[in-house]
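Me: Can you walk me through this one? Keep it quick.
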Amino acid sequence: MSVKSVAHTTCYMCACRCGIKVHLEDGRLRYIEGNRDHPINRGVLCAKGSAGIMTALSPARLSTPLKRTGPRGSGAFEAISWEEALRLLTERLTAIRASDPNRLALYTGRDQSQSLTGHFARMFGTINFAAHGGFCSVNMAAAGLYSLGGAFWEFGEPDWEHARLFLLFGVAEDHDSNPIKLGLARLKARGAKIVSFNPVRTGYSAIADEFIAVTPGTDGLLVLALIHCLLEAGQIDTEFLVRYTNAHHLVIDVPGSAEHGLIARDAEGRALAFDRTAGTLVAAESLDIDPALMGRFTLPDGRAARPAFALLAERYSEASYAPEAVAARCGVDAAIIRRLAAQIAEAAFRHPVVLEQPWTDTAGRRHERMVGRPVAMHAMRGISAHSNGFHSCRAIHVLQMLIGAVDTPGSWRYKSPYPKPIPGGGPPGRTVGPPGTPLDAAPLGFPLGPQDLLVDEEGEALRLDRAFSWEAPLAIHGLMHMAIARAFEAGAQKIDTLLLFMSNMAWNSAMNPGETTRMLCATDAHGEYRIPFVVVADAFASETVAYADLVLPDTTYLERYDCISLLDRPIGSAHGPADAIRVPVLDPGRDVRPFQDVLIELAGRLGLADFTAARGGPLYASYADYIVRHQRRPGIGPLAGFRGADGTAVGRGEPNPEQLRRYVENGGFWSQHLPPQQLYYKFANRDYLAGAQQMGFIGSAEPIVLQLYLEPLQRLRLAAEGHGARVPPQRLRARIARYCDPLPIWYLPLEQAMSERSRYPLHAITQRPMAMYHSWGSQNAWLRQILPENRLYLHRELAAELGIEDEDWVWVESRTGRVKARARTMSGVNRHTVWTWNAIGKRAGAWGLKHDAPEFTRGFLLNHVISEFLPGNGADAPQSNSDPVTGQAAWFDLTVRLERCSPDSPDETAPRPDANPLHITPRSEKPT
Amino acid sequence: MTMLPERAPGARKMGLVIDLDTCVGCHACAVNCKEWNTGGEAGILPDYDKYGANPDGVWFNRIHSYETESPERSRTVNFPRSCLHCENPLCVTVCPTGASFKRAEDGIVLINTDICIGCKLCSWACPYGAREFDEDNGVMRKCTLCIDRIYNEALPEAEREPACVSTCPAKARHFGDLADPDSPVAKLVEERGGVDLLAELGYRPTNKYLPPRQAQLPTGPEESPARPSQGVGAALLRLLDKALSR
Amino acid sequence: MRPAASILLLTTLTGFAYGLLAWLGLDAAAGAAAAAPTLLLTGIGLVVVLATAGLAASALHLGRRERAWRAFSQWRSSWLSREGVAALLTYPVALAFAASAYHSPAAPLTRLLGAAAALAGLGTVYCTAMIYGSLKPIRQWHNPHTAPDYLVFALFSGGTLFVLLHTVVIGAGGWPAALAAAAAAAALLAKLAYWRHIDRQAPLATLASAIGMAHGTVVRPLDAPHFTENFVLREMGFQIARRHGMTLRRIALGLGFLLPLLLSLLGASGGAPLVSSALAVVCAALGLLTERWLFFAQATHVSALYYGRSI
């Protein structure tokens, strides 16, 4: 008779964080299914989650700590004990911390425990911390958090139940995938219209009612053209603008002055507006005024000022934003743009959603019903992965604000615990006091102006990756994609230990794997590695592991405790906050430890504050212990549910020793449903904001004013004009002045503007296969049957023009190199764009695959033809290939040309770096 | 017994309705099916060369994608393909051993792998390519409509549906009794014009597919509005003339 | 359809065997047994050997050979089962025929059993043919040519064997070779008619109807479910280049039908009877194996539509 059991935990086959029920039979995995009670996935589970069993059995699982014995990249290691590994690391980090803690750089990839890893960095005293957001979606995060106090994906979702028109911009289909799929199904069932703006018609775009094959990098321009049409037609929700945004705030209009473009304020610091009824200047927040949105007014000191909206209307009314002017560039007919604008207006203003649900605003005014604009929007990588993505995303948010479609019935909505005050936190932490002192704040933060940047006297970056510098002032997620290149440049003076957790920085997460691995192996004049010590923590033998000096083997997601915390990347929905845990379901049976456990022990050994017991030694026995007992602020810990001595407190409350047990009993998660009067207008909903403050989500219950006009950018721009004490270095002034525009702008993606377009006329992008998550799928025996190799897709007409047929090998050539790919033709793709699936190609030797696996022989990475750097101008060092505002990696700015390979070309991809499988000397056989 | 059973009056016709309008092609159904069935009563669904050059295995459900062009529109169609539990299943009648059979009570087509001799003839008889040979055990395999779930009283009632239906994130798969005109699946087929695949071959599949359609709610002008003749800003200024209240 | 060696051997060998049995049986039924019981006995011995070899080869095709006995149970619906039953029943009939021919070659019972054996042999061939002929998803099989063709090919191939045996056991005789030539001619014409038929057939279905799209919708495959070949593609998606197919057709035609026809005519006219009849058997065997290979290789299965193959 077999012993059967079911455990509730959280999936980690991608970043969705679905609830799963894991069925075990005699301790072995039998079946994984979605948890029907879980707020994220409500019982459904995608291909990745359903293949969890095969990841738990992956041949690529690491099984012991490793110390490098051969040259870096050779794959030669010896197995060592955890004690030896921790001793080695503790000695090294103790020395660093005593001299210059910033010589530890901690980058944590697709980490779901950033509140822990970031806190470790802060307590260690290094500013050099980031997760993967810089190469993923920081453009969207920054644009959203600075504009709305929330953002697409993690901090917001469409109102699937009421939207009538849904605009989807460049979505990555392996992210937030189950909630979006469930939502799309709801839209479809209700008959709502889905419009997809994407160069490629697969996945969600396949089921869209209208597919707009926009040219990569022009979405922002297209949106500004929609705004142009709406302005032209007078289809604007002015009531929404004056109540909830800074549209009526007066902007000082004295060109050349130190305050030009800043918001005019009264003595109390309150923004000013002009009340048309009284004919006077008033505090913009005043009630019952009739604020001017147009015009030009004189401030008490005689300076001129104009409402922010007037600046906006003036700019986007220009003929250069007319559909006819942008059509060719966007690859979309002007008539289509005009029709879409009309459809947006029709849905928003002719079909408002009216819910008979009273609510009270922050001024205490009761509203009898909730009225919404049923135009919902969602965006992801297609917006984010361009060097103009911050402004493109801002343009979408401005469009949302102009039609009053932010957190109203039928529109995009905040997910709890958002909205947060704009911006959502303080400035990035900085070094204070002698080495070893914790930073004064968390290493990642929200600069509001030059004063918050991490730069030295010359205005040069303090951080290794140059985040929060004049090169990327709002790099709120750091620039992980630049970490290795910058470490290589800086050398041992600035960097000693590079600790990478859970990211494949030597392969598909590198903008250019060849260059990155070269830099990892580069030595100085003394034969020492330029990046002295590389530590990799990962569960699997990725391509990066071979480049480590020390490998800390992590467990799989089924073998550890974890928390999906409101302090980190929350899983709340528009209906209310939620968080969840992972519990160990399987015994690893290998000498591996959860990275979080290791970090907590390391922190204790290093004696870091918040991690060290009063008598010395680690304060927490494990991550599970930390999850329960750690308090970030009094009463606020990693988990919000079942707090307090009796487990009845939510949000705030004393640690509850029984908290994890309560989570397990509750199916592995906690969630709270907001009462109906709190479900919309959260930025100005008195009851919601009071509740959120009570829960500890926000510091105050003040209304959150949506930022149509983004003043912090103007502060940076003024510095570029030479105003103020902190100004950018000369070489960056024009750049800051241009890109730090307080209203959305559109510009040609930087690389495209600098490359020879006649030679490289095609755009090249990647898409995310729904059954894969980055590089993880290839080690999975089921998922790799679906995609063991990838193709380069191109339009049938383009293929015919170039004489390319299905299955032909072609060279994809960019300004920096070429990669060989097999072609496949299709119709549903932008005529000037080629694309492939992301992260399918692998390096021989990695991921536990056999030497002739198609992932090695025919799978290819587009990364081989991307560069971390823009072309140089000859005078200055090249800039990083990133968004100039946020530092977001500009993966999709790539331009290429295609050439058919000669027919006798071998049936395999190129480049194919030599195989470097791990050769591990067992501990027992270690030479004495 | 491979003679087709007499269908008793009132017998059920259990099957799937697959909505091609919402299927995003995510492979969730295919993998979850693989997962359920590999550990299920039917025994492991084999995989061959798992980490090598030609990874392959037995799947009961496979997801294709196609591009379609008609005078009205072109689009990408994701298409899950599995056994359709036909009313006229040649795969059953050709079987020499009785291993392949159709149940009288609910129409489910099954294989008794204990008596299958692995002659593969049934796979030749199926125009849908729904049967796959298990090289490890020398027998044919196919979709069981999760017969070990749908009648499994150890499962909560809500979970008594095929794994592919339970897991489908886009809710593109529906399960029920297609013989009952009042069942939700039958109504769905009726409302949405559900179709038989390869109807011309006469297998009379039980499973139905709902073709792609256009958005149902009116979303405003289908024609592009003309460029305003009054010049930029006139309409906006009229709007802005209205008194506002903060 | 993938041409599996086991099935090619089965159908070719049983074709020779049961074709020969039919000749022997009909010969006996016509009253010739009394004149040449040795021919009959050797012949039936050969029939048993060839048929058994063919059936044994077919067992190689099975995933679970030890369960092969179960295949006799579903004769009410399955042509494969019927083939098994018929093949099984043919043994006692053929043996009884042999026994009767041995003991009383001139007896009416022998003539009767000869007729019965011919019927049993051809019946088995018919069952085999109907296995293919009944498969609706394969237009190259599911047509009026398949069953008659198999019968004609059996008579033709068995005929070449009969002539050879006759020449060896009794000596050259004009009429068997003439009849064999006629059978070869009939087989040749049947094959040509078959190829003409399948080359002009319309596909059974379109990809649009396979995925439920409206008539007239143009459908192009974008991505297959899995990248590597799977069972359906290996088994049902087998393809050969058209040019390659034409070459093989010529070889099959020349080697399998035309040469045996000419050799039979040569034999019938008394030229080198032993050599010509032996050569005719060899040619027929090689040619029919080629023909049978093509019968599979050029057969398309509707399910391959899903993978964008033309059918």
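Reply: Two strands pair if DSSP finds at least two bridges between them. Helices (H or I, at least four residues) and strands (E, at least two) are DSSP runs, numbered from the N terminus. With that, 5 bridges join strand 4 of chain B to strand 1 (residues 218–223) of chain C, and the two run antiparallel. This is a predicted model: local features need pLDDT of at least 70, side-chain atom pairs count only at pLDDT 80 or more, and totals for chains, interfaces and linings use all residues. Residues are numbered from 1 along each chain as its sequence is written, and chains are lettered from A and ligands numbered from 1 in the order in which they are written.

Me: What stands opposite B:Tyr66 in strand 1 of chain C?
Reply: C:Pro221 does.

Me: How many residues does the contact take from chain B and from chain C?
Reply: Chain B gives 51 residues and chain C gives 50. Contact means C-beta atoms, placed from the backbone, within 7 Å.

Me: Which element of chain B gives the most to that side?
Reply: Strand 4 of chain B, with 8 residues. Strand 5 (74–82) and helix 3 (121–125) are among the others that supply at least two each.

Me: And how do the residues on chain B's side divide?
Reply: Into 29 nonpolar, 14 polar and 8 charged. Ala, Val, Leu, Ile, Met, Phe, Trp, Tyr, Cys and Pro count as nonpolar, Asp, Glu, Lys and Arg as charged, and the others, Gly among them, as polar.

Me: New topic. What domains does the assignment give chain C?
Reply: Domain 1 (1–134) and domain 2 (172–311). The bounds come from an automatic or database domain assignment. Their C-alpha centres lie 24 Å apart.

Definitions and conventions: Two residues are in contact if their C-beta atoms, placed from the backbone, lie within 7 Å.
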